[in-house]
Amino acid sequence: MSQVDKHVASCFLRLKAPDFEPYVKYLGAVYQKALVDMSMVSDPDNWKQLQGRAKLAKELLDFVESSSTLAAKFESRLP
């Protein structure tokens with residue numbers, strides 16, 4: 001995934017707000033469904049597509065989870 005800067009970290013931090021809880025739950029559901037579907041698919045191309053979907057959903061979830069740390073890291077860099 002691309003480099004996360006201060007503005008992107010701030011956006012991920014906002015996703016922790018209660019208003020965005022349904023979206024974060026949706027990402028979790030996408031991740032879990034991709035994992036389940038990967039275990040049932042036999043076509044290698046389809047499996048790779050599902051793997052990519054799972055990876056992206058997991059990366060986004062991880063960024064949301066670590067957004068407080070990321071935001072604090074960028075705040076400590078301010079002059």
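At what angle do helix α2 and helix α3 pack, and how far apart are their axes?

## Basis of the model

This is a predicted model, in which local features need pLDDT of at least 70 and side-chain atom pairs count only at pLDDT 80 or more, while totals for chains, interfaces and linings use all residues. Residues are numbered from 1 along each chain as its sequence is written, and side-chain values use heavy atoms, with hydrogens and water left out.

## Packing of α2 and α3

Helix α2 spans residues 21-40 and helix α3 spans residues 44-65; they pack at an angle of about 150°, with their axes 8 Å apart. α2 is therefore roughly antiparallel to α3, a term for angles over 145 degrees, as against under 35 for roughly parallel, 65 to 115 for roughly perpendicular and oblique for the rest. Axes are lines fitted to C-alpha atoms, for helices over the stretch in contact, and angles run from 0 to 180 degrees between N-to-C directions. Helices are DSSP runs (H or I, at least four residues), numbered from the N terminus.

The crossing of α2 and α3 is left-handed, that is, the near helix is turned anticlockwise from the far one by less than a right angle. On the α2 side, V24, L27, G28, V30, Y31, A34, L35, D37 and M38 take part, meeting W47, L50, Q51, R53, A54, A57, K58, L60, L61 and V64 of α3. Contact here means heavy atoms within 4.5 Å. By class, the contact of α2 with α3 has 14 nonpolar, two polar and three charged residues. In this scheme Ala, Val, Leu, Ile, Met, Phe, Trp, Tyr, Cys and Pro count as nonpolar, Asp, Glu, Lys and Arg as charged, and the others, Gly among them, as polar.

## V24 and V64

V24 lies in helix α2. Leaving aside neighbours within four places in sequence, V24 is in contact with L15, L61 and V64. V24 and L60 are 36 residues apart in sequence, and their C-alpha atoms are 8.9 Å apart in space.

V64 belongs to helix α3 and is buried, with a relative accessible area of 6%. Buried denotes under 20% relative accessible area, exposed over 50%, and partly exposed the range in between (1.4 Å probe, protein chains only). Not counting residues up to four places away in sequence, V64 touches F12, L15, K16 and V24.

## The buried face of α4

Helix α4 covers residues 67-76, and its buried residues are S67, L70, A71 and F74. Seen down the axis of α4, these residues fall within an arc of 95°, so they line one face of the helix; the arc is that of the directions from the helix axis to the C-beta atoms. On the other side of α4, T69 and S76 are exposed. The buried residues of α4 pack against α1 (6-14) and α3.

A72 and K6 are 66 residues apart in sequence and 9.6 Å apart in space, C-alpha to C-alpha.

## Packing of α1 and α4

The axes of α1 and α4 come within 8 Å and cross at roughly 145°, and the crossing is left-handed. K6, A9, F12 and L13 in α1 meet S67, S68, L70, A71 and F74 in α4. By class, this contact has six nonpolar, two polar and one charged residues.

Notes: Helices (H or I, at least four residues) and strands (E, at least two) are DSSP runs, numbered from the N terminus.
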